Amino acid sequence: MKPILSILLLFLTVSITGQTKNWYTISFENAVHHEAQITAEFTHLENKVLELRMSRTSPGRYALHEFAKNVYDLNAVDGSGKKLIVTRPNPYQWNVSGHDGTVKVTYILYANRGGGTYSQVDESHAHLNIPATFIYAPAYDKRPITVRFDVRKDLGWKVATQLKKISENTYFAPNLHYFMDSPTEISNHAIRSFKVVDNSKEQIVKFVLHHQGTDAELDEYFEGVKKVVLQQKAVYGALPTFDFGEYTFLACYMPNASGDGMEHRNSTILTSTRSLANGGMQRNMGTVSHEFFHAWNVERIRPKSLEPFDYTATNMSGELWFAEGFTSYYTNLILCRAGLLSKEDYIKRLSGGLNYVWNSPAREYFNPIEMSYQAPFVDAARSVDPVNRENTFISYYTYGSVLGLALDLSLRNLEGGKNLDAFMKQVWQTYGKLEIPYTVRDLQDALASYAGAEFANNFFKKYIFDSQMPDYRTLFESVGVTFEQTKLAEASLGVRLNADFKLVSNPFKGGAAYKAGLENGDELISVNGIAIASETKTSDFLLQFKPNQTVTIVFRRFGKQKETQLTFDANPSYSTSLLEKVKKKIEKKRRAWLEAK
């Protein structure tokens, strides 16, 4: 991404010189059938074939998304209106030849998924992710772009976006990447905003909400949003300098949306089917916290592996354990500090991620960097062939989150009042604020500068370049939190079952079901001669067995009845809880960790 100064200077230059732009218009006459009509005009072209493409990726996503599949009825004319020849060299490209220096393209877009990656058009809104919507000319990616949104005034629509407004419903982007990175919500939405001042610099944070709720609900929710923004600002010391002085949350809490969150340079998409009145007041706030933290960590504290962002291929990064994972660590911590999540609930929730990572056989195969490399296969990626993710993959979100927790508590045990907040602030000052992309080794060097080479080298050697687990029990003791295996008396099957006692996951490697030769899709019929009735609940049924107990299991596979011997394991799950009575020194450290800044 271009440094802020360069973007603003380019904007001023364009305004003064009238530099050649690429023009788009989009209208929604057939919104009821999820169609948008789009026109793209390219002028002052070189005398050769104009190559046009639809993106295959989207900023913030790492897998391929073939947006060209929803484009049809594409036609092109030149400056005089003469129809031009259009050919297709590959599924995502159109070549236009015989033009006179101007090409005007029209096409229809089908759009019906309202989340952080795709677009959705219906009579409730036009929810536009730009790579999923607009065709582009790769050879002219440095040109500024102007887009006019022909909104449905009969539906009360208005435009919300991080793009620079230049007139009613007409907006500007300094180049293709900024355009691609600028999602737009067009609907009859409500807006709340507040000003944040850093060193006499005033910026506006806006919250745009498309929903079916009340103004009072939005007012209450926005108070929580403000608390999140200010607690995150406290981590870094100041907000980023947003281009054009604004940051915009684009929230769509509608029944036709798809649950998602996606960060962008000066805005974020927040989508959920949960209304504020139906659980969203609390449950949607986690996405607010996660995505706004990205305004620093990933949008400006930027992995070098994602620069420049490639719209033609997958974008692979080995730093997602930090970019996504450390952001995930702060997601609930910020809610706790903001008073939107109790300390007790925050601590209890830590056990979920710890159990997932601690007990996963996948650490045998990949370290956090290599887990990050898996993003193109798992980040909203689609495949029809079965995979063995239960045994080979740990989400870099969760893996990075529990490592962020370990690093934070480890730093707090060092002398000098060290903590992860201060380290993140240092990384921000060194890389993010200056928009210098970083590598894994840069992060290691930054930690060495902050906490000493021995500490940094030890942490990266064990937990980043290898897959060892930190001593969480000792780390938690330092802040008055228990970390204990509380279910060792319960039998574990080592696989997920549905209500019909059918295996619905691959058995976990080394677990009871795995060693017994059971496989995904097998249906259990009886255990030790006890038939499984249709009304039997899996949790109740398994309670009658004990760890190390060997049983005979009769099951059905491919329509045939089979039998195997299985020895139950002990449930390895850990729980975390807040100790009520702790020494003053520990209480002081815990308060410094969990309370508002």
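Q: In this predicted model, which residue of β2 is the bridge partner of Thr25?
A: Thr39 of β2 is the bridge partner of Thr25.

Q: What makes β1 and β2 paired strands?
A: Pairing requires at least two bridges between two strands. Five bridges join β1 to strand β2 (residues 35-42), so the two strands count as paired. They run antiparallel.

Q: How do you know that β1 also pairs with β10, and in which sense?
A: Six bridges link β1 and strand β10 (residues 145-150), and at least two are needed, so this is a pair as well. The sense is parallel. Within β10, Val147 is the bridge partner of Tyr24.

Q: Why is strand β1 described as mostly covered?
A: Of the six residues in β1 (residues 22-27), five are buried. Buried means a relative accessible area under 20%.

Q: Why is Arg61 called buried?
A: The relative accessible area of Arg61 is 9%; the limit for a buried residue is under 20%, so the term applies. Arg61 is placed in the loop between β3 (50-53) and β4 (71-77).

Q: What makes the approach of Arg61 to Asp260 a polar contact?
A: The two side chains make this contact at 3.3 Å, and the cut-off for a pair of N or O atoms is within 3.5 Å, so the distance qualifies. Arg61 also touches other residues, among them Thr117, Met262 and Phe309.

Q: Why are β15 and β18 said to stand at the edges of their sheet?
A: The sheet is open and has five strands in the order β15-β16-β17-β19-β18, with mixed pairing. β15 (190-198) and β18 (260-263) each have a single partner strand, so one side of each is left without a neighbour in the sheet. From one strand to the next, the twist averages 10°.

Q: How do you know that β18 and β19 are paired?
A: Four bridges connect β18 with strand β19 (residues 267-272) in the antiparallel sense; at least two are required, so the pairing holds. In β19, Leu270 is the bridge partner of Gly261.

Q: What does helix α3 touch on the sheet?
A: Helix α3 (residues 215-236) packs on the sheet and touches β15, β16 (201-211) and β17 (246-253). The direction of α3 makes about 25° with that of β15.

Q: Why does Glu299 have no salt bridge, and which side chain of opposite charge is nearest?
A: Arg302 is the nearest such side chain, 4.5 Å away; a salt bridge must lie within 4 Å, so none is counted. A polar atom of the Glu299 side chain lies 3.3 Å from the backbone nitrogen of Arg265.

How values were computed:
Residues numbered from 1 in each chain as written. Predicted model: local features only at pLDDT ≥ 70, side-chain atom pairs only at ≥ 80, totals over all residues. Heavy atoms only, no water. Buried < 20%, exposed > 50% of the residue type's maximum accessible area, 1.4 Å probe, protein only. Lys, Arg positive; Asp, Glu negative; His and termini not counted. Polar contact = N/O pair within 3.5 Å; in protein donor to acceptor, adjacent residues only side chain to side chain. Helix = DSSP H or I, 4+ residues; strand = E, 2+ residues; numbered from the N terminus. Axes fitted to C-alpha atoms, helices over the stretch in contact; angles between N-to-C directions. Contact = heavy atoms within 4.5 Å. Lists of a residue's contacts leave out its neighbours within four places in sequence.
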